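Me: I'd like to learn how to read a structure like this one. Could you walk me through a few features?

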Amino acid sequence: MAATQLKPVDVVTVGVGLTATILAKELADAGLKVVGLERGALRDTNPDFMLPNIHDELKYARRYALMQDLSRETLTFRNAVNETALPMRRLGSFLPGEGVGGAAVHWNGVTWRFLPWDFETRSRTIARYGKSVLAEDCTSQDWGVTYDELEPHFDRFEYLYGISGKAGNLKGVVQSGGNPFEGPRSREYPNPPMKTSHAGSLFKKACDSLGYKAFGLPSANMTRPYTNPYGVTLGACVYCGYCERFGCEMSAKASPQTTVLPVLLANTNFELRTLANVVKVNLDSARKRAVSVTYVDSRGREFEQPAEIVLLNSYVFNNVRLMLLSGIGKPYDPVANQGVVGRNYAYQTLSGVNLFFEDKVFNQFMGAGALGTVIDEFDGDNFDHAGLGFIGGGYLNASSYGARPIDYHPVPDGTPRWGSGWKKAVARYYNRSFNIGAHAACQSYRTNYLDLDPTYRDVYGLPLIRMTFDFHENEYKMSDYLTNKAAEIGKAIGPAKMNINRRTGKYSIVPYQSTHNTGGAVMGADPGTSAVNRYLQSWDVPNVFVIGASAFPQNGGYNPTGTVGALTFWALEAIKNRYLKQPGPLA
Amino acid sequence: MKEDRRRFLKSVTAVSAAGAVPAGLVPEVAQAQHATHVAQAKPPTAAATQMQAYVYLTPPEVEFVEAAVARLIPADELGPGAKEAGVALFIDHQLAGAWGTMARNYRQGPWPEGTPQQGYQSPLTPQEVYRAAIREVNLQCAKQYGKAFAELAPAQQDDVLRALDEGKLALESVPARLFFGMLWDNTQEGFFADPVYGGNRDKVGWRLVGFPGVAAIYVQHVDKYNVAYRARPVSIADMQQKLAQVDEHGHPVHVMLAANEKE
């Protein structure tokens, strides 16, 4: 079936989530005609996230109402190259979104800046410890952009998304009450920190006694009504405890819907097309220029949308998949260790401890996605790694993000798995427990990558993306180190019982871990080891920009969204100030 | 034989005369096939509660699921268990719907079993898993104990469930642990999900742990340390049917329990 040719536009975005809405808004304001193509449907606070139905744990947290429909498209997974990848038939380990707003609708709202060290992982590691501390097959590298270059863009994103927190470093001067390890900020957070829960207060007290500097998790849950620089007003968080996997009934969680879409949709330079699934970026005969994208609508009709600039703004997996399906950049080959598209897929390494008390209650069903008390002493290179046998780290946190009872009812180790003994322990400890989590980095390796699956296909008959991934020695050692620190703090709090949950065994796609998938279209200064340059522009097809956590060369210890937001503004400025004036390679 | 039939027809006629089945509307054969139903039918005293009717599970399967969930989360001194909470009905409705048919899951082959890390790879949907596994478990129970699972003593039922949980009871159609894992997950879901799905009847799961259901505004409570927030739980239906007071944002205003009031 021949595709219907549409009228050319200046810019087309593939996906209409966090990165696309910002770019589309700014470029439409600059006078460009922008079309946003979103595979899912439109959804908004009213009526989609309204009470009482949004507080439905089964529907949203267990049946994934806001997530990707795997019957149409999934990915395949294997731990190692010598295994046969099989499709992820059900969601588990991570939860990509679907529909306008993408995963930024159902996120928790934790909004960090990556450390200055994170952007120069390889060179700073070698400078401090020598090359021998990096595993031979470790492909972690520098980003090609530094923290100082990104600082104004972090700032812009935090003010757009109304982030609450306390600065730990203002223009090089360490501030009390914030994260003393963070890179210098040009100004305070736009909103004050969140409240501290009972769990957080005990965590802080123990950290104080151990000499660690605890502070409040930076949060995109509004601590007061906030009007952002686009003039969009968000409501104040009511600590209802339904953030992650849910939409917010109060418009109090920053998302494309609550920060950008109201003004973007009012701009006549922008056109949103939902239920429009992009299947290919079409290149010219020299394969040096994208001329259009092909998408399929909800009636199965094919359309070809010509554009001067193509922005890939979907989740990690689809950004990489669309590059591979369209022949943009050389696919990565782990055997020859050549090619770039699909290279350096990474994830997040989580572990923690559960604390159980006989004499304390916590009301952990109250809270917010990013309500937590944290320490950052053991993140990045904030501590001396000499002799430890690993690089990187993560943060430790006692969070109160909503103890919904299907998913949250921890019991002490040794409790029967079911039956009356289990029931007694659940009743006893549901409100007398909380967790300390270790949220940690993941380095990149030659054998962790994305490519196209040879067997399994999506609903359009196109190959699924294939993930080959496992944790490595560095991650197990790092995670053990952090888990021990979590247990040390746990012990100082003095619970009646404590479970220690280490990261052991192969990576499994079954239990939920985090929707912090990274890499596959990584940025860098060398076209031999990066798919996009430091401005997130394809080295091979310069009118294609690939925006998102797909650009992370490896994952830091933090949640990725703050850094994704900064990279979005960084790429935007390069497009607006340089590319539009003189289209062509920017690096 | 002929005599039996005549007696039977006579009994049907007697019931019909009582008004439950209008005589002459049902062919004789069909009447014979539905004998027990006809005999049990009583004049309805109230409208049937539509939501409490099974749509997927067969009666023997309902018996199995009720018996199993009664062991997984038993009724005890702490209160009702999964059976009383309506978990079997919850599971029935889940199996009949999108989840039970894997409507939003990837369903294309080939279907090798894969590694544990690769997750669910059964070509059977949850609907089909329950049907096949319950049949097999009941056959094995019949072989070992001479009875179906639902007829066994509680301790024997526990033994069977433990064998499934530990993968020691081999099933042909699906791995035993896959079935047990699904049953146990569904039992917890049915015990703790909003009652709108048929389980957690009278909010017994929420009352057991002290979960308030649809959240109120907690701004004034989230930093009150070591003070249990004890409220009467509010469900989605309570809100839709205006049985709960709401504030201007649509959050329920929770009714707090008195200090010595037991939930």
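Predicted model: local features only at pLDDT ≥ 70, side-chain atom pairs only at ≥ 80, totals over all residues.

Me: What span should the 17 residues of helix H8 of chain B have?

Reply: Helices are DSSP runs (H or I, at least four residues), numbered from the N terminus. The expected span is 1.5 Å times one less than the number of residues. For H8(B), residues 176–192, that gives 24 Å, and the end C-alpha atoms are 24 Å apart, which agrees.

Me: How many residues of H8(B) are buried?

Reply: A residue is buried if 20 or more other C-beta atoms, placed from the backbone, lie within 10 Å of its own. In H8(B) 12 of the 17 residues are buried, so this helix is largely enclosed by the rest of the structure. Among them are B:Trp184 and B:Phe191. Their cover includes H3 of chain A and, from chain B, helices H4, H5, H6, H7 and H9.

Me: How do the chains meet?

Reply: Contact means C-beta atoms, placed from the backbone, within 7 Å. By that test, 63 residues of chain A are in contact with 57 of chain B. H10(A) gives the largest share of chain A's side, 5 residues.

Me: And which residues does A:Leu536 contact?

Reply: Beyond neighbours within four places in sequence, its contacts include A:Met523, A:Phe545 and A:Leu567.

Notes:
Residues numbered from 1 in each chain as written. Chains lettered and ligands numbered in written order. Contact = placed C-beta atoms within 7 Å. Helix = DSSP H or I, 4+ residues; strand = E, 2+ residues; numbered from the N terminus.
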